[in-house]
Amino acid sequence: MQGAPTLSLFRTLATSPRAWRKFRAGSLLDAGPLSLREREIVIDRTCALAGCEYEWGVHVAVFAQAAGLTEAEVAATAGAGDAGTWTPAERALIRTAEALHARATLTDEEFAELSGHYDAEQVLEVLMLCGFYRTVAYIANGLALPPEPDAARLPA
């Protein structure tokens, strides 16, 4: 996020060189096998399900517009999950994030739905995004990080 102040999450993690190295090593913000839109749907839904206003708000503020997410879609990531506009592939992403949040696994049917839209590399990326951002939620929530000044806020 060039030109913006360093996020408090990053400043906090950087107080421990080991934690910062490990966090950076696990980062998935590079151009991976998913589109920006797909990646942000997964991240936003995962963070919202974990009640992580800090990370959800940062991602919505920084990436939602570039990812082409509408206001209704952003709200759906924080609410019931159904925006009424998701493609079948996007609905599979939402359901995957929900299943992993609820049970830390996918049923055969859920896996078949996801892999019906995404190849093996993309499926792994979805699973890794859900896990990484669940970890981010643990850190941000556990440290009670206040929202960044320009971040979005979870709907009440």
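Which residues in α3 meet which residues in α6?

A: The model discussed here is a predicted one. In α3, the residues that meet α6 are Arg-37, Glu-38, Ile-41, Val-42, Arg-45, Thr-46 and Leu-49. Their counterparts in α6 are Glu-90, Leu-93, Ile-94, Ala-97, Glu-98 and His-101. Sorted by class, this contact of α3 with α6 comprises six nonpolar, two polar and five charged residues.

The geometry of this pair can be stated as follows. Helix α6 covers residues 88–103, and α3 packs with α6 at an angle of about 30°, the two axes lying 9 Å apart. Angles under 35 degrees count as roughly parallel, and α3 and α6 are therefore roughly parallel to each other. The crossing in which α3 passes α6 is right-handed.

Helix α3 itself spans residues 36–49, and α8, which spans residues 120–142, is another of its partners. Here the packing angle is about 35°, with the axes of α3 and α8 9 Å apart. The crossing of α3 past α8 is right-handed. On the α3 side, the contact is made by Arg-39, Val-42, Ile-43, Thr-46 and Cys-47. On the α8 side, Val-126, Leu-129, Cys-130, Tyr-133 and Arg-134 take part. The residues of this contact of α3 with α8 divide into seven nonpolar, one polar and two charged. Val-42 and Thr-46 of α3 belong to the contact with α8 and also to the contact with α6.

A further partner of α3 is helix α5, residues 71–78, which packs with α3 at an angle of about 40°, with axes 7 Å apart. That angle makes α3 oblique to α5. In this contact, Arg-37, Asp-44, Arg-45 and Ala-48 in α3 meet Glu-73, Ala-76, Thr-77 and Ala-78 in α5. By class, the contact of α3 with α5 has three nonpolar, one polar and four charged residues. Arg-37 and Arg-45 of α3 take part in the contact with α5 and in the contact with α6.

Beyond α8, the chain continues into a segment where Ala-152 is found. Ala-152 touches Glu-53, Trp-56, Gly-57, Val-60 and Ala-61, residues up to four places away in sequence being left out of this list. Ala-152 and Val-60 are 92 residues apart in sequence, yet 6.1 Å apart in space from C-alpha to C-alpha.

Helix α4, residues 53–63, supplies the largest share of the lining, three residues. The lining divides into nine nonpolar, one polar and three charged residues.

Terms used: Residues are numbered from 1 along each chain as its sequence is written. This is a predicted model: local features need pLDDT of at least 70, side-chain atom pairs count only at pLDDT 80 or more; totals for chains, interfaces and linings use all residues. Side-chain values use heavy atoms; hydrogens and water are left out. Axes are lines fitted to C-alpha atoms, for helices over the stretch in contact, and angles run from 0 to 180 degrees between N-to-C directions. Helices (H or I, at least four residues) and strands (E, at least two) are DSSP runs, numbered from the N terminus. A crossing is left-handed if the near helix is turned anticlockwise from the far one by less than a right angle, and right-handed if clockwise. Contact means heavy atoms within 4.5 Å. Ala, Val, Leu, Ile, Met, Phe, Trp, Tyr, Cys and Pro count as nonpolar, Asp, Glu, Lys and Arg as charged, and the others, Gly among them, as polar. Angles under 35 degrees count as roughly parallel, over 145 as roughly antiparallel, 65 to 115 as roughly perpendicular and the rest as oblique.
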